[in-house]
Amino acid sequence: MGSQDNNALSSNSFLPYKSAKVFVAGHRGLVGAAIVRKLTQLGFTNLVLRSHAELDLTRQSDVEAFFVFEKPEFVIVAAAKVGGIHANNTYPADFIAINLQIQTNVIDSAYRNGTKKLLFLGSSCIYPKFAPQPIPEDALLTGPLEPTNEWYAIAKIAGIKMCQAYRIQYKWDAISGMPTNLYGPYDNFHPENSHVLPALMRRFHEAKVKGAKEVVVWGTGSPLREFLHVDDLADAVVFMMEKYSGLEHLNVGSGKEVTIKELAELMKEVVGFEGDLVWDSTKPDGTPRKLMDSSKLASLGWTPKVSLKDGLADTYKWYLENVNL
Ligand SMILES: NC(=O)C1=CN([C@@H]2O[C@H](COP(=O)(O)OP(=O)(O)OC[C@H]3O[C@@H](n4cnc5c(N)ncnc54)[C@H](OP(=O)(O)O)[C@@H]3O)[C@@H](O)[C@H]2O)C=CC1
Ligand SMILES: C[C@H]1O[C@H](OP(=O)(O)OP(=O)(O)OC[C@H]2O[C@@H](n3cnc4c(=O)[nH]c(N)nc43)[C@H](O)[C@@H]2O)[C@@H](O)[C@@H](O)C1=O
């Protein structure tokens, strides 16, 4: 099926329809909370939200019953089992099984209960470990994955393919966005299981408070990562819901990359820690580089706004007010 056929599905206007029933799955997480903030700012009045405790999305019959009852018109899938390099490497069964269950249940129930449009969120880890840089969308499935997160990546690739299959077979408007590494308010600040940015924010903060002389940072410091503030991602999600209807997934990145060493130095400055950095090279580096090519989304008219320095300062302020109580 050519892209023209798929774009013919784009009759579902989202933005002007502020009373639309929108289900944001995973609304208490980093991404889901930012999407709810954005939709609320825009004046959406009919968001359908369920916490994990209220609705476990791995339970197929509960998800079906929820969709039969609520029949949301639009669905954004930001619920997932998520974690950093250590969590992905330690709990491969959880990362593949829980993610396959959540996305399969939500995508299928949404289609069967009349949802007009669904957006599925994947991650930049879907691409091969040694993909060309910046990574274009068509690098998908062209080489072996990064071993530390292949289980999660396989689930996310299945999510993209499921949206494509339902689009092709049922002419249903399911799309996918692939964000780069994200950060911001409501991130997970767990010392081991989180991503690098919140992990370092917490470690530097605790070291500053205790007057510690050094902070341990994992790996060699040489891997490159592209970071995007979650408010920019939420803006891109709303943009894609309104403007994009196509078979191919779209990359969502900031276009700017830093080494982990540069990130650690910047974090040290933002937090105000005055000691030294010590590198623990027994910890994995993961993918050496994963800068995404987000030119397709840019060509539709979307650009990120938050710089890494401003985003870190904003997130640290939120951390001090909300986590470090
Ligand atoms: N964070 C990042 O750097 C990136 C994230 N993404 C993608 O964005 C999406 C959201 O990630 P993020 O916000 O960071 O993750 P979070 O862990 O912050 O949030 C995930 C949300 O999903 C909920 N959830 C998990 N399991 C279930 C379940 N079985 N039933 C119902 N709810 C559940 C969680 O609830 P609870 O906490 O109560 O379990 C939580 O509210 C994911 O698809 C992820 O792949 C993509 C690229 C980078
Ligand atoms: C978004 C993406 O996130 C994961 O991939 P990742 O980019 O490798 O994630 P990360 O943030 O955990 O690490 C980035 C780099 O940073 C280094 N690093 C230093 N010190 C700490 C540290 O203290 N914690 C962590 N987590 N990493 C550290 C770490 O060694 C690595 O070199 C995927 O599993 C998958 O979930 C996914 O899609």
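## Around ligand 1

Of the 25 residues around ligand 1, the ones that come nearest are Val31, His52, Leu57, Tyr152 and Lys156; a residue is near a molecule if one of its heavy atoms lies within 4 Å of it. This is a predicted model, where local features need pLDDT of at least 70, side-chain atom pairs count only at pLDDT 80 or more, and totals for chains, interfaces and linings use all residues. Residues are numbered from 1 along each chain as its sequence is written, chains are lettered from A and ligands numbered from 1 in written order, and side-chain values use heavy atoms, with hydrogens and water left out.

Now for the polar contacts, meaning pairs of N or O atoms within 3.5 Å (within protein, one must be able to donate a hydrogen and the other to accept it, and residues adjacent in sequence count only if both atoms are side-chain atoms). The side chain of Tyr152 puts an N or O atom 2.4 Å from an oxygen atom of ligand 1. Ligand 1 exposes 880 Å² when taken alone, and the protein buries 83% of that (Shrake-Rupley areas with a 1.4 Å probe; for residues, only the protein chains shown count as cover).

Helix 2 (30-42), helix 6 (150-170) and strand 6 (181-183) are the elements that give two or more residues to this shell. Helices here are DSSP runs of H or I with at least four residues, strands are E runs of at least two, and both are numbered from the N terminus. By class, the ligand 1 shell has 13 nonpolar, nine polar and three charged residues. Ala, Val, Leu, Ile, Met, Phe, Trp, Tyr, Cys and Pro count as nonpolar, Asp, Glu, Lys and Arg as charged, and the others, Gly among them, as polar.

## Around ligand 2

Ligand 2 has 22 residues around it, with Ser123, Arg203, Arg225, Pro284 and Asp285 the closest. A polar side-chain atom of Arg225 sits 2.7 Å from a ligand 2 oxygen. On the backbone side, an N or O atom of Ile85 is 2.7 Å from an oxygen atom of ligand 2, and one of Val196 is 2.8 Å from an oxygen atom of ligand 2. Taken alone, ligand 2 exposes 700 Å², of which the protein buries 98%.

Two or more residues of the shell come from each of helix 4 (85-90), helix 7 (196-210) and strand 7 (214-218). Helix 7 gives the most, with three residues.

Helix 11 (residues 308-322) has 15 residues and reaches 20 Å from first C-alpha to last, close to the 21 Å expected at 1.5 Å a residue (1.5 Å times one less than the number of residues). Its buried residues are Leu308, Gly311, Leu312, Thr315, Tyr316, Trp318 and Tyr319. Seen down the axis, they fall within an arc of 160°, so they line one face of helix 11; the arc is that of the directions from the helix axis to the C-beta atoms. On the other side, Asp310 and Lys317 are exposed. Buried means under 20% relative accessible area, exposed over 50%, and partly exposed in between (1.4 Å probe, protein chains only).

## Two buried residues

Asp173 belongs to strand 5 (residues 173-179) and counts as buried at 3% relative accessibility. Its side chain makes a polar contact with the side chain of Ser245, at 3.0 Å.

Ala78 lies in the loop between strand 3 (74-77) and helix 4, and its 19% relative accessibility makes it buried as well. Ala78 and Gly122 are 44 residues apart in sequence, with their C-alpha atoms 8.9 Å apart in space.
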